[in-house]
Amino acid sequence: MVTSKDVQPADRPTPPAPASRFDLGARLLRFLDALWRPAIVLGALFVLWWIASENEWMPHYLVPTPGQVWDTIAGDWSSLMYHSYVTLYETVIGFLLASVLGLATAVLIAYSRTMDKALYPIVLFAQVIPKIAIAPLLVVWFGNGLAPKIMLAVLIAFFPVVVSGVAGLRSTDPELLELSATMGASRWQTFRKIRFPNALPHLMAGEKVAVTLAVVGAVVGEFVGASEGLGYTLLLANGNLDSAMLFAALFLMSLIGILLFVVVEVLEALLIPWHASRRTATPLTTS
Amino acid sequence: MPDTLTDTAVDVAGLTVRFRSKRSSTTALDDVSLRVEPGAFISIVGPSGCGKSTLLKVIAGLVAPTTGSVSLLGEPVTGPMRTIGFAFQRAALLEWRGVRKNILLQAEMRGMNKARAGVRADALIELTGLSGFEEALPHELSGGMQQRVALCRALLHEPPVLLMDEPFGALDALTREQLNAELNRIWRETGTTILLVTHSIAEAVFLGTRVVVMSPRPGRLVRSLDVDLPAARDYAQVMTDPTFGTLTRQIRELLGSAESH
């Protein structure tokens with residue numbers, strides 16, 4: 001009788017420590033390591049801005065000092081927070097809708113030849129239309145409320161989701177699909193257990209682009225016709241030559257963009273910890 | 001014929017497969033007939049592009065025959081067959097799943113009893129020396145270990161027929177010999193009918209009860225050779241056995257003459 005003990009695999013390394021994949025300390029260190037170089041550049045630019053504005057190399061109505069911007073943010077805190085909230089709301093709803101619609105479209109295109117031929121060229125062609133130019137039309141159609149801003153955010157964020165989703169769903173290894181067939185899997189099982197998880201790295205890359213574009217969509221929507229939101233605040237400040245307020249609005253918009261980007265980034269880390277781009281540990285063996 | 005179920009595991013009759021592209025059509029397999037008795041280990045060797053892999057895919061129901069017929073355990077093959085296990089050239093593992101969960105994919109897709117499948121998976125993990133690696137992700141494993149996982153997955157549902165498409169082709173010689181020894185043991189212990197496509201003549205003879213030699217494209221069966229060696233095989237012993245030498249030389253000559261045409 002031959003037992004499994006008689007044949008010892010030669011290529012047998014020691015089992016990996018299970019904790020290595022989710023080491024928070026290592027992750028934080030990596031994050032800080034990635035941060036310090038851009039932080040120095042940003043810091044230098046900030047100091048340059050400070051010196052230039054304090055010495056009035058340019059008049060204050062063009063370039064305010066950091067102090068003036070800070071005073072504006074602190075002084076108009078509650079109103080700025082309200083406008084930020086409006087823009088954030090439009091952006092998030094727009095982004096979520098774009099994600100859902102974009103993914104659904106990507107699935108249709110990836111699964112149906114007819115849809116691929118009928119829909120994909122239109123999606124590509126629609127991308128050529130400058131979405132920002134549609135903004136006035138949307139306001140005429142849907143009024144001054146939140147709807148046209150959300151729609152603009154959706155329109156702009158939709159494209160990267162579709163393209164990355166289609167690329168992801170199509171990148172499935174044909175052998176995995178054949179394997180699935182030999183297991184007697186249904187189309188839904190194959191989608192849920194193989195094609196969708198396989199598409200996630202692509203899709204999340206698209207989502208990161210989409211979320212920053214959604215902010216642009218919401219702000220541009222506010223430019224065209226609004227009574228609230230950071231885009232409206234910015235336009236108002238511009239009309240009043242209130243450069244400190246203008247800078248404050250810009251600063252808050254960027255903050256929203258960065259914040260949402262980080263949220264998607266964290267989501268990505270949670271969804272695809274296995275992907276090559278997220279690996280912290282090196283492979284255990286070389287062969 | 002009601003008794004085909006008992007005396008034939010795989011029956012390939014007059015199988016021809018043609019692939020058509022826009023400009024041309026290629027004949028991958030030309031009038032191939034093959035009967036495989038239950039419990040046999042058939043090694044299929046042939047030059048690159050001779051349609052060996054296509055033959056396996058037709059038997060699995062993944063590729064439709066142009067003419068001819070295939071039946072598996074007396075059942076005609078008309079679509080993907082659930083009664084087989086398939087091991088691919090590359091391990092084809094899901095990179096987001098750990099070893100155990102990759103093996104259990106088979107159970108999930110087939111709706112097998114969870115508890116029973118779990119016990120079976122653990123037994124296979126033990127059998128193939130993967131213990132301790134249950135949670136390891138594919139990228140943390142060596143090529144040989146990845147193929148072991150694929151083998152476990154192909155065996156999880158205890159398929160009566162196992163189809164293997166050059167599963168050890170990408171491995172180094174030592175790992176390959178070891179996996180061959182393990183496969184020999186698994187074959188003996190499970191009684192599974194195995195069809196193995198390989199490039200290695202030594203591997204074909206070491207594992208097979210019969211070696212089928214194919215010609216270059218269009219693939220035809222040139223010769224079927226019985227391997228007159230005991231079922232339990234040890235590499236060192238088999239290598240020095242005169243039968244091994246005779247057979248490998250014979251196969252090499254067959255392949256050589258087929259190649260020169």
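Predicted model: local features only at pLDDT ≥ 70, side-chain atom pairs only at ≥ 80, totals over all residues.
1. Ground rules. Local features here need pLDDT of at least 70, side-chain atom pairs count only at pLDDT 80 or more, and totals for chains, interfaces and linings use all residues. Residues are numbered from 1 along each chain as its sequence is written, while chains are lettered from A and ligands numbered from 1 in the order in which they are written.

2. The annotated span. The unreviewed UniProt entry lists residues 10-241 of chain B as "domain: ABC transporter"; such annotations may be inferred rather than shown by experiment, and positions follow the numbering used here, with feature names shortened. In the model that span is 34% helix and 27% strand, and its end C-alpha atoms lie 30 Å apart. Helices (H or I, at least four residues) and strands (E, at least two) are DSSP runs, numbered from the N terminus.

3. V10(B). This residue sits in strand β1 (residues 10-20) of chain B. V10(B) counts as buried because it has 23 C-beta neighbours inside 10 Å; the cut-off for buried is 20 or more other C-beta atoms within 10 Å, with 12 or fewer for exposed, partly exposed in between, and C-beta atoms placed from the backbone. Beyond its neighbours within four places in sequence, V10(B) is in contact with V36(B), I59(B), L72(B), V161(B), T193(B) and L195(B) (contact: C-beta atoms, placed from the backbone, within 7 Å). The C-alpha atom of R35(B), 25 residues away along the chain, is 5.9 Å from that of V10(B).

4. The six-stranded sheet. Chain B has an open sheet with mixed pairing, in the order β6-β7-β8-β3-β9-β10. Its edge strands, each pairing on one side only, are β6 (84-87) and β10 (221-226) of chain B. From one strand to the next the twist averages 15°. Strands count as paired if DSSP finds at least two bridges between them.

5. Inside that sheet. β7 (residues 161-165) and β8 (residues 193-198) of chain B run parallel, joined by five bridges. D165(B) stands opposite V197(B) in β8(B). Helix α5 (residues 143-155) of chain B lies across β6 and β7 of chain B, at about 170° to β6(B); axes are lines fitted to C-alpha atoms, for helices over the stretch in contact, and angles run from 0 to 180 degrees between N-to-C directions.

6. The A/B contact. Chain A puts in 31 residues and chain B 39 residues. On the side of chain A that touches chain B, the elements giving two or more residues are α7 (174-182) and α8 (187-224) of chain A, and α7(A) gives the most, with seven residues.

Note on methods: Contact = placed C-beta atoms within 7 Å.
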